[in-house]
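Hello,

Here is the structure I said I would pass on. My notes on what was found in it follow below.

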Amino acid sequence: LQIIKEGNTWIGFASCSVGNNLVRFNFGNALSNIPICENLGNLANFNVPTQLVVLQENNLWYILLLSGGNNSLCRLSFGASLLNFPTGVNLGNVGGLENNGGLTVINDCNSLSGYFTKYLTDGLLGKLTFDGGITGTVTGQVLGNIGNLNQPHSFSEIFRQNDTLFSYITNR
């Protein structure tokens with residue numbers, strides 16, 4: 001579940017791995033409101049979607065989503081508002097994607113990069129490089145088992161402390 005505040009509106013997104021759907025939650029102006037739920041369906045041929053990341057680039061909103069069932073990366077484009085109905089594209093296996101679990105993305109020093117977990121493959125982590133930003137070419141590579149992971153799944157967001165980036169990973 002990812003929750004974002006756009007203007008004065010709280011909006012959440014979750015993937016449903018059983019139904020292969022993306023669900024949007026509109027909380028309105030307060031998280032204490034009962035959200036309006038909307039099933040957006042399967043917009044990018046995802047199969048067993050796992051972790052998703054909501055991000056904004058050049059005032060346009062996107063969701064990146066790992067598809068564990070077909071080892072691919074999907075990009076959903078919302079335009080200027082997360083309340084718009086998105087268009088989706090399945091980018092395929094951009095490199096190293098297999099038994100996908102977690103995904104995290106950071107825009108650091110005007111460069112977009114991401115990391116993914118290989119849930120059932122010996123605790124491997126991978127890196128995504130976005131050449132030309134979110135709509136540019138994406139390439140992935142496996143980095144290895146960093147941190148003695150065993151079935152790593154989801155990431156926290158990435159945090160910066162001075163010159164060091166941190167993320168927490170659930171390790172089954």
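By class, nine nonpolar and two polar residues line the second largest pocket, with no charged residues. Here Ala, Val, Leu, Ile, Met, Phe, Trp, Tyr, Cys and Pro count as nonpolar, Asp, Glu, Lys and Arg as charged, and the others, Gly among them, as polar. The lining consists of Thr 104, Tyr 115, Leu 125, Leu 143, Ile 146, Phe 155, Ile 158, Leu 165, Phe 166, Ser 167 and Ile 169. The space in this second largest pocket comes to about 180 Å³.

The model is predicted: local features need pLDDT of at least 70, side-chain atom pairs count only at pLDDT 80 or more, and totals for chains, interfaces and linings use all residues. Residues are numbered from 1 along each chain as its sequence is written, and side-chain values use heavy atoms, with hydrogens and water left out.

On the pocket terms: the search runs on a 1 Å grid over the protein atoms alone, and a pocket is an open set of points with protein on both sides within 12 Å along at least five of seven lines, whereas a cavity is a set of points where a 1.4 Å probe fits but cannot get out. Lining residues have an atom within 4 Å of a point. Grid points are joined across faces, edges and corners, and a volume is the space filled by probe spheres set on the points.

The largest pocket has a volume of about 260 Å³. Its lining counts 15 residues, and those nearest the centre are Gln 2, Val 53, Val 105, Glu 157 and Ile 158. By class, this lining has nine nonpolar, five polar and one charged residues. At least two lining residues come from each of S1, strand S5 (49–57) and strand S9 (100–108). The most come from S9, which gives five residues.

Strands (E, at least two residues) and helices (H or I, at least four) are DSSP runs numbered from the N terminus, and two strands pair if DSSP finds at least two bridges between them.

Sheets

An open sheet of four strands runs in the order S1-S2-S3-S4 with antiparallel pairing. Strand S1 (2–6) and strand S4 (36–41) are at its edges with a single partner strand each, so one side of each has no neighbour in the sheet. From one strand to the next the twist averages 25°; axes are lines fitted to C-alpha atoms, for helices over the stretch in contact, and angles run from 0 to 180 degrees between N-to-C directions. Five bridges link S1 to strand S2 (residues 9–16) in the antiparallel sense, and Gly 12 in S2 is the bridge partner of Ile 3.

Another open sheet has four strands in the order S5-S6-S7-S8, also with antiparallel pairing. Its edges are S5 and strand S8 (87–90), each with a single partner strand, so one side of each is left without a neighbour in the sheet. The twist here averages 20° from one strand to the next. Strand S7 (residues 72–79) and S8 run antiparallel and are joined by four bridges; Leu 76 has Gly 88 in S8 as its bridge partner.

Further along, strand S10 (residues 111–118) and strand S11 (residues 124–131) run antiparallel with six bridges between them, and Ser 113 stands opposite Thr 129 in S11. S11 is also joined to strand S12 (residues 137–144), antiparallel, by seven bridges, with Leu 128 opposite Gly 140 in S12. S11 and S12 form a hairpin with five residues between them, and Gly 132 in the turn has a positive phi of about 95°.

Individual residues

Lys 118 sits in strand S10. Its relative accessibility is 6%, so Lys 118 counts as buried (under 20% relative accessible area is buried, over 50% exposed and in between partly exposed, with a 1.4 Å probe and protein chains only). The side chain of Lys 118 reaches the backbone oxygen of Gly 96 at 3.2 Å.

Gln 51, in strand S5, is also buried, at 14% relative accessibility. A polar atom of the Gln 51 side chain lies 2.8 Å from the backbone oxygen of Phe 155.

Asn 148 is in the loop between S12 and strand S13 (152–155). At 68% relative accessibility, Asn 148 counts as exposed. Its C-alpha atom is separated by 7.3 Å from that of Gly 123, 25 residues apart along the chain.

Regards

Key: A polar contact is a pair of N or O atoms within 3.5 Å; within protein, one must be able to donate a hydrogen and the other to accept it, and residues adjacent in sequence count only if both atoms are side-chain atoms.
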